[in-house]
Every structure is written in C-alpha cells, then in structure tokens.
Amino acid sequence: MYHDIVIIGGGPAGLAAAVSARQAGAGDILILERENELGGILNQCIHNGFGLHTFKEELTGPEYAARYITQVEELKIPCLLSTTVIHIDENRVITAVSRKHGLMSIKAGAVILAMGCRERPRGALIIPGYNPAGIFSAGTAQKLVNLDGYMPGKEVVILGSGDIGLIMARRMTLEGAKVKLVAEIQPFSGGLKRNIVQCLDDYGIPLLLSHTVVDIHGKDRLTGVTIAEVDQNFKPLTGTETDYSCDTLLLSVGLIPENELSREIGVSLSPVTNGPLVNEQLQTNVSGVFACGNVLHVHDLVDFVSEEAESAGKNAVRYIQSGGSAADSISFSEIPLRTGGAVRYTVPASIDPQRAQEETIVRFRVGEIIRGGYVCIYADGKQIARRKRQIMLPGEMEQVVLKQKDIAGASGEILITTEVAE
C-alpha cells in the first residue's frame with residue numbers, strides 16, 4: 001500500500017496538516033489515528049477559549065475539532081481509525097495494526113508526525129508514600145469528568161500549575177468538589193495567566209508557588225498529602241510541612257511529546273523539548289519526515305498548533321512535488337539558530353537563508369520571568385532585530401519573525417536571545 005503523504009495522528013495538528021496538504025495540491029493523503037474518532041485531546045476539552053486566532057471566534061475544544069473534521073470530510077481525505085502505528089523505518093515504510101484491517105504495511109512518500117504529547121506520570125516525581133486509589137493525572141481526570149461522567153473525588157489537591165491542572169481546578173469546583181489548593185514547585189506558574197485568573201482567582205483557590213508534595217497518606221485510598229516549601233534547588237525546607245486531607249490528588253506536572261516512533265526512525269530530538277529538531281520547513285533530519293504540533297514542542301494555544309501544522313502540510317507537498325530527494329529538501333547550507341539569555345529553545349532549530357520564505361516564524365519559551373526586557377536577533381554577530389516585551393513568562397510561548405531579507409547573507413549562526421533593559 002502506498003500513499004503520497006501519511007499523517008500519524010488525527011488530533012488538531014494532524015487534521016490541520018491534512019487539510020493544508022490537500023489545499024496545496026496533494027491528492028493522495030492518509031490519516032492514521034489510534035482512537036475511534038478524530039479530534040484528539042480536544043474531544044475532552046469542553047471549556048471555551050479555542051479558535052480566537054484561527055476562526056476569530058471563541059469555541060470549545062470539540063467545536064474547534066469539528067471545524068477541521070468537517071473540512072477533512074468535505075475534502076474526502078481518508079482516515080483509518082482505531083489504528084496504531086507500531087513502527088516506521090528509514091525508508092518511510094509504516095507498520096500499523098488495527099482490529100479491522102489487521103497488520104498493515106504502508107509506504108509513504110512523506111510522513112507528517114502529529115502524535116501529540118502525554119502527561120508525565122507520578123513515577124517521574126519520586127514522591128514518598130504508597131500508591132493508593134485517588135491519584136490521577138489531570139488529563140485522566142478531565143476525561144473521567146467530561147467524557148465518562150465520573151467524579152474522581154470530592155476533596156482535591158492539585159500538584160503542578162500547568163494549564164490542564166488549572167482548568168481542572170475550575171472544573172472540579174463546578175462539579176461540586178472542594179479544591180483545597182494548587183501547589184507548584186517552580187517560583188512561577190506553568191500555565192497561561194488568563195487560566196490563573198479565570199480558574200483559580202475567580203474561585204478563591206490558592207496557588208502555592210515554590211511548594212510541592214513531600215508525602216502521600218493512605219494505603220488503599222488517598223486520605224491526604226503533606227505539602228512543603230522548597231528552596232531554590234527544589235529541596236523541601238524542614239519545618240514548612242503542612243498536612244491537607246483529601247481523597248484526590250491530580251498531577252499536572254508537565255507534558256512529554258510522544259516521540260517513541262520518532263526515535264525509532266532516527267529523528268534527532270531536542271534535549272530541551274524532547275521533540276524533533278526541525279528546519280524552517282518543519283522537516284526533521286530524516287528526509288521526508290516532518291513534525292508539527294505537540295509532538296514537536298508543547299503549545300499553549302491550539303491555534304498555533306494549527307498554524308504550524310498547516311506549514312508542515314504545505315512543505316510535505318513541496319517535498320513530494322520536488323521528487324522527494326534529500327538534496328531538494330535537506331540543504332547543506334542550513335545554519336543553526338542558537339539561543340541566549342533566558343531563551344530555552346527555538347522551533348525551527350535551523351534555517352537555510354536562501355531557501356526560507358519571505359518570513360519565517362520562530363517560536364520559543366523562556367526559562368524565567370522577564371519584565372521589561374527585549375527579544376534580540378543577531379545574524380553573524382550583527383543585530384538585525386530588537387523587540388520590546390513588557391513581560392515574558394515560562395508558561396506562555398513567544399514568537400519572532402525572521403525576515404528573509406535580513407538573514408540572506410548569514411553564514412555562521414543566528415542568535416535568538418533576551419536582554420534586560422539598561
């Protein structure tokens with residue numbers, strides 16, 4: 001079985017990439033999705049706040065997904081649901097399995113990785129105590145409440161202030177639970193400012209920064225947790241421990257891109273994001289393999305996922321139309337994008353100044369709160385841009401635009417950095 005473009009994942013990134021590829025002229029596209037319906041994580045995100053950038057109106061998660069699902073259906077893009085990809089080789093031969101079709105081998109002209117991300121589990125936190133019933137990841141609790149109609153518990157403590165945790169603080173409150181607090185080990189929140197205001201402040205839920213869970217009480221069922229303050233090295237401070245009774249602990253302690261398949265095929269991964277390193281075409285170091293969405297780096301807005309995926313779809317079509325040769329897609333004149341100041345990473349990680357479009361969007365996150373600073377861009381040591389930012393937060397993605405005319409002569413490196421006001 002052969003298809004020009006195979007998209008792995010039918011969530012917001014995969015759907016937007018498929019629509020974009022079809023509109024760019026691709027006639028042979030296939031979406032592979034492991035769940036029994038399209039839409040991905042958006043299906044359980046019943047709160048609003050989606051679509052303001054993409055559709056210029058406020059939608060819920062399912063409504064946002066439905067817009068793209070409708071387009072996929074209207075464009076007659078085929079998809080295989082309840083289909084799990086178990087392997088990809090360096091020749092872009094995909095091995096997948098489903099109950100309906102059994103074991104399948106699919107050759108792809110180009111592959112777009114759009115598998116999304118998963119939550120970091122309790123095992124990664126090394127919290128002392130038993131493993132009683134009542135400990136859930138925030139996303140699992142969201143699915144239980146919003147899709148399955150089950151309440152995880154009545155007295156809730158949330159560890160981690162990622163957006164899912166903040167949203168679930170409000171959701172559990174609206175369903176009648178008592179959310180006692182949100183504890184965050186960092187000195188800043190990992191979520192959007194608007195979610196802190198709308199999900200915590202509006203409901204009187206305290207946010208304890210530089211605090212974490214140091215003990216879990218209960219053997220069969222959770223009965224409480226111990227919260228302590230931490231120092232600058234994240235070590236608990238003796239004497240600051242406080243016990244809280246609860247029957248539910250929700251973990252919102254970070255998201256990890258789903259990159260087991262990427263690693264198998266030989267894709268180089270970023271040590272910061274755990275997602276693929278891509279060039280300005282969103283292509284990995286493996287010819288014909290592109291990546292977009294949360295499998296590339298974790299986004300805070302789904303609108304940016306869609307925008308990024310649209311670019312991946314168009315670039316995959318260009319790759320196919322060029323004959324799919326490495327020389328046409330992976331340039332030897334690519335130069336790296338380096339980071340400085342508080343910038344933790346950039347997407348893309350490299351760029352070919354000659355091949356780049358008139359404007360290239362570069363997205364990044366900072367590792368600390370920056371107030372009244374600047375985002376500066378240097379090409380071969382020469383400053384080509386300096387942008388004022390009132391505030392930059394680790395929980396909110398930043399972006400700058402590289403103009404092709406400004407980097408056309410660059411040959412060494414391009415530096416994206418933050419600088420404080422003088």
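Let's start with Arg-171: this residue is buried, with a relative accessible area of 18%, where buried means under 20% relative accessible area, exposed over 50% and partly exposed in between, using a 1.4 Å probe and protein chains only. What you're looking at is a predicted model, where local features need pLDDT of at least 70, side-chain atom pairs count only at pLDDT 80 or more, and totals for chains, interfaces and linings use all residues. Residues are numbered from 1 along each chain as its sequence is written, and side-chain values use heavy atoms, with hydrogens and water left out.

**Arg-171 and its surroundings**

- Arg-171 sits in helix H4; helices (H or I, at least four residues) and strands (E, at least two) are DSSP runs, numbered from the N terminus.
- What does the Arg-171 side chain touch through a polar contact? The partner is the side chain of Asn-146, at 2.7 Å.
- A polar contact here is a pair of N or O atoms within 3.5 Å; within protein, one must be able to donate a hydrogen and the other to accept it, and residues adjacent in sequence count only if both atoms are side-chain atoms.
- If you leave aside neighbours within four places in sequence, Arg-171 is in contact with Ile-46, Val-145 and Asn-146, with contact meaning heavy atoms within 4.5 Å.

**Helix H3**

- Asn-146 and Val-145 turn up again in helix H3 (residues 138–148), where both are buried, and so are Ala-138, Gly-139, Ala-141, Gln-142 and Leu-144.
- The buried residues of H3 pack against H4, E15, strand E7 (117–119) and strand E8 (135–137).

**Strand E9 and its partners**

- Strand E9 (residues 155–159) is mostly covered, with four of its five residues buried.
- E9 pairs with strand E10 (residues 178–184) in the parallel sense over five bridges; two strands count as paired if DSSP finds at least two bridges between them.
- Which residue in E10 is the bridge partner of Ile-158? That's Val-182.
- To get from E9 to E10, the chain crosses through helix H4 (residues 163–174), and this β-α-β crossover is right-handed.
- Right-handed means that, with the strands pointing away from the viewer, the path from the first strand over the helix to the second runs clockwise.
- E9 also runs parallel to strand E15 (residues 248–251), joined by four bridges, and Val-157 has Leu-249 of E15 as its bridge partner.

**Strand E1 and its partners**

- Strand E1 (residues 2–8) has five of its seven residues buried, so it is largely enclosed by the rest of the structure.
- Six bridges tie E1 to strand E6 (residues 102–113), and the two run parallel; His-3 is bridged to Ala-108 in E6.
- E1 is also parallel to strand E2 (residues 29–32), with four bridges between them, and Ile-5 stands opposite Ile-29 in E2.
- Between E1 and E2 the chain passes through helix H1 (residues 12–23) in a β-α-β crossover that is right-handed.

**A three-stranded open sheet**

- Three strands in the order E19-E21-E24 make an open sheet with antiparallel pairing.
- Strand E19 (343–347) and strand E24 (398–403) are at the edges, each with a single partner strand, so one side of each has no neighbour in the sheet.
- E19 and strand E21 (residues 359–366) run antiparallel and are joined by four bridges; Tyr-345 has Arg-365 of E21 as its bridge partner.
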